[in-house]
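Visitor: Please put the protein up first. Then I have some questions.

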Amino acid sequence: MKLISSNKSAIIIGAGIVGLATARALALRGYKVTIFERNERAVGASIRNFGMVWPIGQATGPLFDRAMLSRSIWKEICNEASIWHNEVGSLHLAYHEDELQVITEYVEVNRQFRDCGLLSPQQALEKSPAINPDGLKGALWSGEEMIVESRVAVGQVAKYLAEKYDVEFHWNTAITTIDHPKVTSGNRVWEADEIFVCSGADFETLYPKLFLETQITKCKLQMMRLVTQPDEWRIGPSLCGGLSMIHYPGFQAAASLPALRKRYEEQYAEYLKWGIHVMVSQNGSGELTIGDSHEYGLVHDPFDKAFINDMITSYLQTFATFKDWKMLQSWHGIYPKMTNGATELVVDVAPGVTVINGVGGNGMTLSFGLCEEYIGKRFGGLQ
């Protein structure tokens, strides 16, 4: 890939995954990029997740293509920077006939576009020793999902960008004012040709009027991590229960999904009230990340709810069995989420100033693709 020569400069606010993806796309096009992060490292939603690069969650079409583009960029960076990643794929497990029907329809619609297939119970159990075999009727296999350890990988990507593309980072530097071409932090001022605000929900501080006028909210999710499994035991693919099928847009291709949703609304009303669907992934050291819940609103309770964690664990035990269930950590993350059905917010707030935001819970999956598409369209493709 040949870098484009340019004398242009860009400032990015925020060193989370959207900011890093924007920086990469600009640096490839010859921009001198400077990133400002208010903390000493990225500590927000970009590191408080499963680490899943998750194309299966996106509907076939532009968003699936974007997810696959993101995946290819992630893989390229991970290989170049020696970042741990695991192309494990995923399994959605069916324990009821209506779940199996949704999976069957999904495969019929998508198998010509994706690496997916319908597995028998025995085939699924051969892929993962962590599946609960009791009552298993089948599984949806997808080979396209990849895991990174986000809380480590995001910092490693920043280091990679600094070393490969000379991206300059200013940590512990909160930008309080933007007046193109200038950004200000205290009595310090920097200038650039282009300014991008990629600071997640924090853009509310810089542009409160825009935030109030935008159809956007904030989502709080609760997650947990279980200890390293003994004897280097691995679960194989990431595992999902049936509730995940009504959470991800990709499953809307199944004609019988509304009927499944109706059953869940009756049987799992309390789960849906708290936006709970349950998944598990495993990192390189053998720890298991499990979750999650989804609470929407502009202000959230700063204290986690133990009963939500209990509900997540209880549902997980219906489809997964582990060697050790001891909890290592629990936490919550908060990310901005569009309420009008949009998959992102990209808006020019002033000449030379652009907000890139609102990718919801799909930051790890879509950010690299989104920013490559947008920057490429605006400033030209690569040679």
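Guide: Start with the residue classes. Ala, Val, Leu, Ile, Met, Phe, Trp, Tyr, Cys and Pro count as nonpolar; Asp, Glu, Lys and Arg count as charged; the others, Gly among them, count as polar. This is a predicted model, in which local features need pLDDT of at least 70 and side-chain atom pairs pLDDT 80 or more, while totals for chains, interfaces and linings use all residues. Residues are numbered from 1 along each chain as its sequence is written, and side-chain values use heavy atoms, without hydrogens or water.

Visitor: How many nonpolar residues are in the lining of the second largest pocket?

Guide: On a 1 Å grid over the protein atoms alone, a pocket is an open set of points with protein on both sides within 12 Å along at least five of seven lines; a cavity is a set where a 1.4 Å probe fits but cannot get out; lining residues have an atom within 4 Å of a point. The residues that line the second largest pocket include Glu40, Arg41, Arg151 and Trp171. Its lining has three charged residues, one polar, and nonpolar residues numbering seven.

Visitor: What volume does the second largest pocket have?

Guide: Grid points are joined across faces, edges and corners, and a volume is the space filled by probe spheres set on the points. For the second largest pocket, that gives about 170 Å³.

Visitor: Which strands each supply at least two residues of the lining of the largest cavity?

Guide: One cavity of 30 Å³ or more is counted. Arg225, Gln282 and Asn283 are among the residues lining the largest cavity. Strands (E, at least two residues) and helices (H or I, at least four) are DSSP runs, numbered from the N terminus. The strands that each give at least two lining residues are β8 (146-148) and β16 (279-282).

Visitor: What is the radius of gyration of the protein?

Guide: The protein has eleven helices and 21 strands. It is as compact as a globular protein of 383 residues, because its radius of gyration is close to the 21 Å of the globule rule, namely 21 Å. The radius is taken over C-alpha atoms, and the rule is 2.2 Å times the number of residues to the power 0.38. So the value asked for is 21 Å.

Visitor: Is Tyr315 buried or exposed?

Guide: Tyr315 sits in helix α10 (residues 306-316). Beyond neighbours within four places in sequence, Tyr315 has contacts (heavy atoms within 4.5 Å) with residues including Leu243, Tyr268 and Val278. Buried means under 20% relative accessible area, exposed over 50%, partly exposed in between (1.4 Å probe, protein chains only). At 4%, Tyr315 is therefore buried.

Visitor: What is the relative accessibility of Ser367?

Guide: Helix α11 (residues 363-379) holds Ser367. With neighbours within four places left aside, its contacts include Ile17, Ala21 and Ser70. Ser367 counts as buried, because its relative accessibility is 1%.

Visitor: Which residue does a cis peptide bond join to Gly291?

Guide: Omega of this bond is about 0 degrees.

Visitor: Where does Asp231 lie?

Guide: Asp231 is not a glycine, yet has a positive phi of about 60 degrees. Asp231 counts as exposed, because its relative accessibility is 78%. Asp231 is in the loop between β14 (216-226) and β15 (238-240).
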